[in-house]
Amino acid sequence: MSTTPPLSEVDAEAGPGSAAAVADRPPVRRRPQVWARARHALLPLGSLLLFLALWQVLAVSGTWSETLVPPPAEVGDAFLDVSTTHDGVRGYNGTYLVEHLGISLRRIGLGAGLGIALGVLFGLLMGTVGWVRSLFEPWITFLRTLPPLAYFSLLIIWLGINEEPKITLLAVAAFPPVAVSTTTAVAAVPRSLIEAARALGASRWDVVRDVVVPSALPETLTGIRLAVGVAYSSLVAAELVNGLPGIGGMVKDAANYNNTPVVLVGIIAIGVSGLVIDGLLLRLERAVVPWRGRTSP
C-alpha cells in the first residue's frame, strides 16, 4: 500500500516557500490598484474634455460675441501665432510665448525667492523670540491684507518703471504667507522636545537647528507653496507697467486691444506653469518630509 501523505501535508512540510504552496495561493488581485491609477489619470482628462465641450457649446450658441467668448479653435490659432513667426511677425510684440513666460518666471523666481527667504528668517525669529513676534506680527498681518495694486503705484514712484518695482512687488506678496506659517509652526514645536535637547547639553543654536527647524519644516514648505501661488496671482499686477516682454504684460497689452484669444493664451500659460511648479514643490515636500501625513502603526 502506498504511504504517500496527502498533498496538504506535503505543502505544510515543504513550508510556505515551496512550489506547491505557491501554486495553491490565491492570485494577487492588482486590478483595484490599476483601476485607481487609471481613474486618477482619466478624471482630470475627462474634466478637461468636458470643459472644452461646454466652452465650444457656449461659443457657438451666440449668447455672447466671439470677441468676448472666442471658440477653442480660435484660441488654439492664437497660441500658434504667439509661439511662431507668422506674416513676418515674431510671436507677440517681437517675442515668442515661451520667452514671455521665461522672463516672467525669472521675475517670480527672484521676487518670490527673496520674499520666501526673508519669510523663513522672520518666521524663525518670531517663533523663537517673543518680543520679535510682538514687534513684527501686526505689520506682517497688515501687509498680508493689502492687495498688490494698493502699493504697486507707490513702488513705481520709489523705484521707477524697470525691474525693481516688479521684483519688489512679488517679494512683498510672497513674504507674509511664509512668515506666518513658519512662525506658527515654530511656536507649535513641543516643549518636551526642546527641554529634552537642552537637558542633553544642546545650545540654543543646536536646539533651533536640530529640533525646531525639522519640526517646523512641513508647515514651512506649505507656506512656500502658498507664497508661490500668491506671487503668481500678483504677476499681472507686477507687469502692468513696462511689463513687455513678460506673460503678464502680454495679457495686459492684448486686453487693451480686446484681443481675447491672446489674453486666454496668456492666462492658460500662467495657470499651466503654475500647476507644474506647484507639482514640483509638492514632490520636493514629499521628498524632504516623507513622514508628513503618516501615522505610526
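**Salt bridges, packing and surface of the model**

Me: Which residue forms a salt bridge with Glu-285?

Reply: In this predicted model, the closest N and O atoms of the pair are 3.8 Å apart. A salt bridge places a side-chain nitrogen of Lys or Arg within 4 Å of a carboxyl oxygen of Asp or Glu. The partner of Glu-285 is Arg-225.

Me: What pLDDT is needed for side-chain atom pairs to count?

Reply: Residues are numbered from 1 along each chain as its sequence is written, and side-chain values use heavy atoms, leaving out hydrogens and water. Local features need pLDDT of at least 70 and totals for chains, interfaces and linings use all residues, whereas side-chain atom pairs count only at pLDDT 80 or more.

Me: Is Glu-285 buried or exposed?

Reply: Buried means under 20% relative accessible area, exposed over 50%, and partly exposed in between (1.4 Å probe, protein chains only). Arg-225, at 25%, is partly exposed. With a relative accessibility of 8%, Glu-285 counts as buried.

Me: Which helix holds the salt-bridge partner of Glu-163?

Reply: Glu-163 pairs with Arg-106, their closest N and O atoms being 3.4 Å apart. The two are 57 residues apart, and this pair links distant parts of the chain. Glu-163 lies in helix α8 (residues 163-187), and Arg-106 lies in helix α5.

Me: What separates Asp-206 and Arg-209 within helix α10?

Reply: Their side chains meet in a salt bridge with an N to O distance of 3.1 Å. Asp-206 has 23% relative accessibility and is partly exposed, as is Arg-209 at 42%. Because they are three residues apart in helix α10 (residues 204-233), their separation is about one helical turn.

Me: Which elements do the buried residues of α12 pack against?

Reply: Helix α12 spans residues 247-256, and its buried residues include Ile-247, Met-250 and Val-251. Contact means heavy atoms within 4.5 Å; for Ile-247, beyond neighbours within four places in sequence, contacts include Leu-97, Leu-235 and Ile-270. The buried residues of α12 pack against α5, α11 (235-238) and α13.

Me: How many residues has the largest nonpolar core?

Reply: A nonpolar core is a set of buried Ala, Val, Leu, Ile, Met, Phe, Trp, Tyr and Cys residues joined through side-chain atoms within 4.5 Å. Those with the most contacts inside the largest core are Leu-97, Ile-108, Leu-169, Ile-247 and Val-262. The number of residues in this core is 40.

Me: What accessible area does the nonpolar patch with Leu-52 have?

Reply: Patch residues have over 30% relative accessible area and no salt bridge, like charges being joined within 9 Å and nonpolar side chains (Val, Leu, Ile, Met, Phe, Trp, Tyr) within 5 Å. Leu-52 lies in helix α3 (residues 31-60) and is partly exposed at 34%. Areas follow the Shrake-Rupley method with a 1.4 Å probe, only the protein chains shown counting as cover for residues. Together, Leu-42, Leu-45, Leu-48, Leu-49, Phe-51 and Leu-52 have an accessible area of about 560 Å².

Terms used:
Helix = DSSP H or I, 4+ residues; strand = E, 2+ residues; numbered from the N terminus.
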